[in-house]
Amino acid sequence: MTVLASLALPLLSVPLAPPTEGEHSWPQWDGPARTGISAETEWASEGKAEDLWRVELGLGYSTVSVVGGRVYTMGYAVEGGLDSVFCLDALTGEILWQHSYPSEIWNRAHEGGTVNTPSVDGDDVYSLNREGNLFCLDAKSGEVRWHNFLMGEDNIHGLEIPTWGFSASPLVVGDQLFVNCGRILAIDKKSGDVLWRSEDYGHGYGTPIAFDLDGDALLAATNGSKVCVVTQEDGAEVASVEFAGKNRG
């Protein structure tokens, strides 16, 4: 089954006017508050049977981020072996820009393709792929602001690519970007430099969640061996519990 053969926007009973930036935006995986809940009102699911538009983007499981009338997502081109980050017009489906780079298909127990969702923060779009390519792209043009291959030539962060690759999406909090690669990495969002890395919690695929507790800024993530809570300041462990789920690899 081709999972992301196309991206379709259903024609719902809503006014088709482009939203302003910040209005009803969905800038990251699981929504603005990472709850999966939209605060939009005055719309109905009943509408016309046909799609408003449909665009072929390739293979993958990536969802979408929507900001300022633009849709950001990822897809994989089997012919050419390329991962792509796409920016589309939310009303027409027109591809406004596309950033592509070589990647493996990752067809393990499924047809393969992308799994990560881009995160939008102001004029920047952050994208991580299964192999550890982390990009900061200009949200309007797709121009590369910086690129950090997290595995690196000498793997200084001590990462191991899981069976299904690095599958968590980037999380932006303040001036930092957090990614879960078994170790949680904190990255300067303007330079791409790694600021700290947590201990190794094993293969995992969960996007971190940021929260405050008793005045402390913390992160929680589920990985292959533990559910962990670390500080946003330096990645020091605050708490952890053994996690014995199946198919953690």
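This is a predicted model: local features need pLDDT of at least 70, side-chain atom pairs count only at pLDDT 80 or more; totals for chains, interfaces and linings use all residues.
Aromatic pairs and a charged patch

The structure holds five aromatic pairs.

One of the pairs is formed by Tyr72 and Trp97. Tyr72 belongs to strand β4, residues 70-77, while Trp97 belongs to strand β6, residues 95-102. Because the two residues are 25 apart in sequence, the pair ties together separate parts of the chain. Tyr72 has a relative accessibility of 3% and therefore counts as buried, the limit being under 20%. Trp97, at 6%, is buried as well.

Strand β6 also carries Tyr101, a member of another pair. Tyr101 and Phe135 form a tilted aromatic pair, with 4.7 Å from centre to centre and 45° between the planes. Phe135 sits in strand β9, residues 133-138, and the pair links distant parts of the chain, 34 residues apart. Tyr101 and Phe135 are both buried.

The surface shows another kind of grouping. Glu160, Glu199, Asp200 and Glu237 gather there in a patch of negative charge. Glu199 is found in the loop that runs between β14 (194-197) and β15 (209-213). Is Glu199 buried or partly exposed? Its relative accessible area is 39%, so Glu199 is partly exposed, as this value falls between the limits of 20% and 50%.

Technical notes. Residues are numbered from 1 along each chain as its sequence is written. Side-chain values use heavy atoms; hydrogens and water are left out. Patches are made of residues with over 30% relative accessible area and no salt bridge: like charges are joined within 9 Å, nonpolar side chains (Val, Leu, Ile, Met, Phe, Trp, Tyr) within 5 Å. Accessible areas come from the Shrake-Rupley method with a 1.4 Å probe; for residues, only the protein chains shown count as cover. A salt bridge is a side-chain nitrogen of Lys or Arg within 4 Å of a carboxyl oxygen of Asp or Glu. Lys and Arg count as positive and Asp and Glu as negative; His and the chain ends are not counted. The place of a charge is taken as NZ of Lys, CZ of Arg, CG of Asp or CD of Glu. Helices (H or I, at least four residues) and strands (E, at least two) are DSSP runs, numbered from the N terminus. Buried means under 20% relative accessible area, exposed over 50%, partly exposed in between (1.4 Å probe, protein chains only). Rings of Phe, Tyr and Trp (its six-membered ring) pair if their centres lie within 6.5 Å; planes under 30 degrees apart count as stacked, over 60 as edge-to-face and the rest as tilted.
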